[in-house]
Amino acid sequence: MKSKQKDKVDAVLNEQENYLKKELYDLIKKDSWLFDFLQEASLDGLWFWDLDAPENEWMNSKFWTTLGYDPDQMPHTSSSWQDIIFPEDLKDVYANFAKHSKDPSYPYDQVVRYRHKLGHTVWIRCRGIILRDEHGKPRKMLGAHTDITDIKKKEEELRLNSAFFEQVIDGTDMGTWQWNVKTGEAIFNERWAEIIGYTLEELEPISIDTWMKHAEPKDLERSNKLLQDHFAGKTPVYECEARMFHKNGSHVWVLDKGKVVSWDEEGNPEWVVGSHQEITEQKKSYERNRLFIQQAPTAIAMFDEKMKYLAASQEWFNVFDLKNEEIIGRTHYDVLPKIAKKWKKSHQQCLKGNVVKNSEERIEKTNGSIQWLSWEFRPWLTDDNRVGGIIIHASDITKIKREEELKSLLAVAEDQNKRLRNFAHIVSHNLKSHSGNFEMLLDLWIQENPEIENDEIIQLFKTASENLAETIVHLNEVVLINTSVNENLVGLNLNEAMSKAIESVSAIAIESEVVIYNLIQPDVYVLGVSAYLDSILLNLITNGIKYSDKQRNSYISLSTQIEEDFVILEVTDNGLGIDLKKHRSKLFGMYKTFHHNKDARGIGLFITKNQVEAIGGQIEVESEVNQGTTFKIYLQHEKN
């Protein structure tokens with residue numbers, strides 16, 4: 001049964017082969033340009049494809065023998081070769097076919113890879129041409145294969161050798177190495193062995209284990225990490241300074257460099273080539289400089305010609321807020337990107353051999369704060385008098401700059417204070433004169449009209465005149481107070497001061513129909529300046545009167561409680577209140593008002609807050625619109 005089925009399949013295949021083969025031969029006989037095309041292609045395979053029946057495709061014998069298959073066992077179907085071509089190359093085939101179908105002038109010509117029956121890769125140049133009917137519609141396609149595997153191998157060898165010699169040319173007296181990452185095969189030259197005191201013969205058999213066996217384990221870990229970074233494309237080359245065990249038992253330092261020069265089909269590294277350069281003496285010199293820099297009391301860092309950190313002092317970490325960050329081997333542009341970018345031109349000048357300085361530079365740190373630095377860049381030289389890198393010395397002069405700014409501000413403030421004191425002297429003198437005149441005129445008026453002496457209005461005038469005179473006395477006291485208010489604080493009876501303030505505003509309280517309750521205990525004393533305390537109390541009481549609610553019985557309640565070293569004075573009213581959600585931030589600002597009172601100037605609370613703080617206290621507020629306001633004033637308690 002199976003034999004009959006096979007015979008039927010063979011018959012079908014033969015029929016397909018016969019009609020396509022016959023048609024091709026007829027075409028060649030009829031059209032000589034097809035023969036010219038085949039001759040030009042130098043065939044390693046020939047195929048003819050029916051585009052009206054896409055599964056039917058005839059391939060000649062060499063098509064299959066080139067790929068290691070028995071032509072008699074292979075069907076003439078398009079799917080047969082699609083299973084062994086590389087999938088990514090098949091995509092290119094489809095793309096080029098589509099372009100050639102659309103535009104006959106676009107060549108169907110590409111290099112593709114096939115998997116040989118034995119498993120290796122065969123590189124094929126595949127060219128083709130579409131045959132169209134009288135309407136230009138694609139009907140058949142003729143193609144030819146050329147095996148270019150040998151060429152590709154030669155190209156790979158040439159690229160490998162080119163990369164190898166490029167790496168070797170970069171230096172002199174170097175050891176060289178080649179390493180097959182997949183197999184572990186390694187090739188070292190004689191100089192590589194000499195660097196660690198051996199001959200190549202003594203190190204045989206050579207493999208990657210030879211390197212691993214003679215490398216310092218700690219450095220080997222770092223080397224492997226750097227290699228993986230290079231394999232992942234994070235670095236253009238692999239570069240590592242490592243210690244190796246010399247035959248005599250000592251350590252030698254080598255600069256190990258390498259680069260991947262070939263990749264396998266899966267994109268994994270295959271061959272890596274590189275060099276070894278002994279840098280033991282340079283490292284000793286680096287080590288001396290590194291120890292000096294690390295122990296320096298100032299901010300110093302040493303960099304190589306690529307601005308990679310070789311060493312840094314502890315103060316460098318402090319100045320640039322690096323804490324315990326690992327920076328050795330990293331570039332300055334990676335560790336401090338913002339400031340390093342700013343200094344890049346200066347780095348380049350210094351690497352040309354110039355000394356670059358800046359006595360003061362303003363730096364905005366990443367957290368938004370301002371830092372002032374004084375810095376100097378100096379090149380350091382190798383044993384052969386070549387610039388090997390840069391040494392940067394930096395000083396944080398932020399405190400000095402702030403002190404200078406503070407001195408300048410203090411000078412301005414002192415000058416302004418002198419002007420203010422002069423102004424206060426003049427004002428107090430003039431006010432005293434006017435107050436005296438007012439008091440004298442009032443007394444004369446009473447003497448001439450004795451019947452009005454006990455009149456309520458006249459009594460209020462007398463009280464206002466006496467309070468004005470007392471205020472002027474206090475103002476003179478303020479003028480005499482020096483800038484250190486704390487040294488001039490005295491014990492003041494809060495109840496007496498409040499009673500006096502209430503008496504001063506009694507007229508406007510009566511007019512506004514506001515009742516004032518003084519609930520302060522008679523034996524409560526606070527530390528303060530009399531003029532400041534009077535001003536504070538008057539401002540708070542008049543504020544409560546001014547913003548009372550006319551729609552209800554208004555009151556102001558004054559009470560105290562003692563908390564540790566402070567007397568807390570609470571001034572509570574049931575007035576209009578303040579919308580603290582809108583106005584809290586500007587409540588104590590100068591010229592800030594929160595109601596439409598025509599007499600409001602927005603200065604009272606500003607003055608009050610400053611006076612409270614001047615005598616060592618603080619002020620808080622709680623308020624609700626149409627409910628009222630409570631001011632809490634913390635005053636220093638005079639306990640004795």
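**Side chains that meet**

Author: Searching the whole structure gives 16 aromatic pairs, where rings of Phe, Tyr and Trp (its six-membered ring) pair if their centres lie within 6.5 Å, and where planes under 30 degrees apart count as stacked, over 60 as edge-to-face and the rest as tilted. W64 and Y69 have ring centres 5.9 Å apart and planes at 80 degrees, so the pair is edge-to-face. This is a predicted model, in which local features need pLDDT of at least 70 and side-chain atom pairs count only at pLDDT 80 or more, while totals for chains, interfaces and linings use all residues. Residues are numbered from 1 along each chain as its sequence is written, and side-chain values use heavy atoms, with hydrogens and water left out.

Both W64 and Y69 are buried, a word that stands for under 20% relative accessible area, with exposed meaning over 50% and partly exposed in between (1.4 Å probe, protein chains only). Another pair is W179 with F231, whose ring centres are 6.4 Å apart and whose planes are at 40 degrees, so the pair is tilted. This pair links distant parts of the chain, since W179 is in strand β6 (residues 175–180) and F231 is in helix α10 (residues 217–231), 52 residues apart; helices (H or I, at least four residues) and strands (E, at least two) are DSSP runs, numbered from the N terminus. W179 is buried at a relative accessible area of 13%, and F231 is buried at 14%. Elsewhere, one aromatic cluster is formed by F303, Y309, W316, F320, W343, W375 and F377.

Rings can also have a charge over them, which is counted if NZ of Lys or CZ of Arg is within 6 Å of the ring centre and within 35 degrees of the ring normal. K152 lies over the face of W123, 4.6 Å from the ring centre, and K344 lies over the face of Y333, at 5.5 Å from the ring centre.

From rings we can turn to nonpolar side chains. A nonpolar core is a set of buried Ala, Val, Leu, Ile, Met, Phe, Trp, Tyr and Cys residues joined through side-chain atoms within 4.5 Å. The largest such core has 38 residues, of which L494, I516, I541, L558 and I633 touch the most other members. At least two residues of this core come from each of α18 (494–504), β17 (514–518), α20 (530–546), β19 (554–563), β20 (566–573), α22 (604–614), β21 (618–624) and β22 (628–636). It is α20 that gives the most to this core, with seven residues. Leaving aside residues up to four places away in sequence, L558 touches a list of residues including M498, I502, I516, I541 and V571, where contact means heavy atoms within 4.5 Å.

The structure holds 26 salt bridges, a salt bridge being a side-chain nitrogen of Lys or Arg within 4 Å of a carboxyl oxygen of Asp or Glu. In one of them the side chains of K62 and D44 meet, at 3.0 Å from N to O. K62 lies in helix α3 (residues 61–65) and D44 in the loop between α2 (32–41) and β1 (45–50), so the pair ties together parts that are 18 residues apart in sequence. K62 is partly exposed, at a relative accessible area of 40%, whereas D44 is buried, at 17%.

The side chains of D50 and K140 form another salt bridge, at 3.7 Å from N to O. As D50 lies in strand β1 and K140 in strand β5 (residues 138–147), the pair ties together parts that are 90 residues apart in sequence, and both residues, D50 and K140, are buried. There is also a network of salt bridges that links D52, D133 and R139.

In helix α22, which was named above as one of the elements that supply the core, E613 forms a salt bridge with K609, with 2.7 Å between the closest N and O atoms. E613 and K609 are four residues apart in this helix, about one turn. E613 counts as partly exposed, at 40% relative accessibility, and K609 counts as partly exposed too, at 25%.
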